Amino acid sequence: MPTAPSSAGFNPDLGFAAGGGEMGAVVRAFDWAGTSLGPLATWPQSLRTAAGMMLAARQPMYVVWGPQLALLYNDSYREVLGAKADHPQQVLGQPFNVVWAEVWDQVGPMLAATMAGESLWYEDQPFTLTRNGFVEQIYASFSTSPIRDESGAIAGVLCVCSETTGKVRQVEERLRLLDEIGEATRLAAEPATIMDHSTRLLGQYLGVTRVAYADLEPDNDRFTIRHDWRVPGAISTVGVYSLDLFGSRATSNLRVGRTLLINDVDRELAHGDGVEMFNQIGIQAIICCPLVKQGKLVAMMAVHQQQPRTWTRDEVALVEAVVDRCWAHIERVRSTEALREADRRKSEFLATLAHELRNPLAPIRNALELLRIGADRPGLKERMLATMERQVGHMVHLIDDLLDIARISSGKVVLQSARVSLQSVAASAVETSLPLVEAAAHELALDLPREPVWLDGDAVRLSQVLSNLLTNAAKYTPQPGRINVTATIIDGMAVIAVTDTGIGIAPEALEKVFEMFAQAPHSIGISKGGLGIGLCLVRHLVTLHGGSVTAASPGPGLGSTFTVRLPLAAPVAGQSQDDKHPAHTVPAHPALRVLVADDNVDAADTLGDLLEAMGCQVLVTYDGEQAVNAATAFNPDLVFLDIGMPRLDGYGAARALRALPALAGVKLVALTGWGAQDDRARTGAAGFDHHLLKPASPDQVAVVLASATPASR
């Protein structure tokens, strides 16, 4: 490349370099008489000044002057000219449109605009030109400024330019790489495939030792390198690591999305800043790009080099772009997998639900048939009634669990919190679960604190939590087994552990056992009964109480332990353990007139029969309109209304009955399968006095009857 003119040879009379530099010599030696510029000595001072500035500069520059836009240029511009610079007499002082005929249609308007007074700037402008005997496309960035002569008129243009073809080609190559990664991962069905393509293509492009992709664990303190591409001979780094290995400064930067950039590990890192980790895997230069989503570090991509390396800004930007795209594709695949898994679990759950509901229906149907054909057999009626009562209770329990899950998931469960002792909760749970435990011949041992342990919570829901854990242990422990319940106080928390000698849990399933629809069909779970939602319900209820529940197991066949942690209530002086009062059935008033309306004929008739057995005078109807039409003549003290009836639903019937002056004091009871807080609020707004969930128990019906008397109107 020609050397630039030396400023030492600057001639103030001419206004440009008079010595040093090949182009300066050419200008001095050229006979300008044959050009529109004329002899050098006749140049105006403004042109000589512009030419002097141009020739002294290292940046590629040219000047065009006069009406013909005659071209002058400096040494650095020779690279742009290519082979044309080998014949300066054919270029220097010649009209620009002759020298650059192939780009005149692009450059001509720009020069014309500058000659009209505009200063222009163009970046990475593409040009197709003939250079060195080849037609090629180049890119250039340049600015143009007008040059004024001694009269103040614009007589020429100064252009400062640089060829950016290499930079643009590099950008294009990186865009092609990103497109190639995108195309390779677009149809990938597994995260591992996306990681493999992304790390390999990036590593080969950068020519590095290793590229690794990592996900952050839920605790956000550990990361798992799921996959790494590496050159032959480099060790794999796949595994689980602590973020602390990077050192506190780097870790804090990664958590907020700042890329870790190290050119030389030994020179830039101190003890405790990650130097030990990188030396252990033989790495001297690193780019580690974190990915932060919604303020949380979720993934990282690291580029490793065995030797020190000065990373460029473009290389860092490329890694950041790759990790962002890689994560987006991985999330897409994982979301698709999650939807498929949820759909599979839902299908399995529906199959399980059908199975579990058929189980109690079979003995109920058999019992009904036996009562029909052999009602006179001694003891048959009592045994069949007991069978049906047990099976109906089982169905109600299944449905209650389903409703609880739905209410909790939609945020409609409201805890009836009060001060309750852990001992009373445990006693209630054991009472509920003991028949199943004893039927399996298990040994149940309780180890609870002697002094009351007070909690703030819903006694019924907390008992449900412990009962579900005991029931689960009884189901999944081969008989005879052992179930231990222990409770301790640790760091202001009540810690309750339910341990069994049962079938155990595989390590990979310890978290999944708490997921909804996690139970597979044809598993031991079906043969033992249940929908596989009990533990999901446990976690939800414990979380609502501000606690946590975890599962632990040495492995299949080695038993398991479920540990519940609940916050203790604030101590109150003189508090004694709450007493447990059994519910007492309130006898019905014998003279009540009760109207029943339900479009389920069997449900309406059996409720009517039950009310008559309790001493009531009953009228049964099968829709809301019938109930309203019959009410005035029947003059009821109490009306049971199903909510979901055709023609006129329970809400409409309630409003119509409330509008009848003759029934001003009548008590209205809603019968429904919906029991959330807003459902109860809606029945209350419609004028109902009571809200009973189907199927209502005889005790519940009796309590409602006690609220209505003939004197109430």
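Analyst: The discussion below covers a sheet, the helices on it, and some backbone angles. This is a predicted model, in which local features need pLDDT of at least 70, side-chain atom pairs count only at pLDDT 80 or more, and totals for chains, interfaces and linings use all residues. Residues are numbered from 1 along each chain as its sequence is written, and side-chain values use heavy atoms, with hydrogens and water left out.

User: What is the strand order of the open sheet of 5 strands?

Analyst: Strands (E, at least two residues) and helices (H or I, at least four) are DSSP runs numbered from the N terminus; two strands pair if DSSP finds at least two bridges between them. Here the order is E4-E3-E7-E6-E5, with antiparallel pairing. Strands E4 (70-73) and E5 (120-131) form the edges, each pairing on one side only. Between E3 (residues 61-65) and E4 there are 4 bridges, and Val 63 has Leu 72 in E4 as its bridge partner.

User: Which strands does helix H5 touch?

Analyst: Contact means heavy atoms within 4.5 Å. Helix H5 (residues 104-115) touches E3, E5, E6 and E7 (154-163).

User: Where is Gln 294 found, and is this residue buried or exposed?

Analyst: Most residues other than glycine have a negative phi, and most peptide bonds are trans. Gln 294 has a positive phi of about 50° and is found in the loop between strands E12 (285-293) and E13 (296-305). Gln 294 is exposed, at 86% relative accessible area (buried is under 20%, exposed over 50%, partly exposed in between; 1.4 Å probe, protein chains only).

User: Which residues does the cis peptide bond join?

Analyst: The cis bond joins Gln 479 and Pro 480, with omega about -10°.

Note on methods
Axes are lines fitted to C-alpha atoms, for helices over the stretch in contact, and angles run from 0 to 180 degrees between N-to-C directions.
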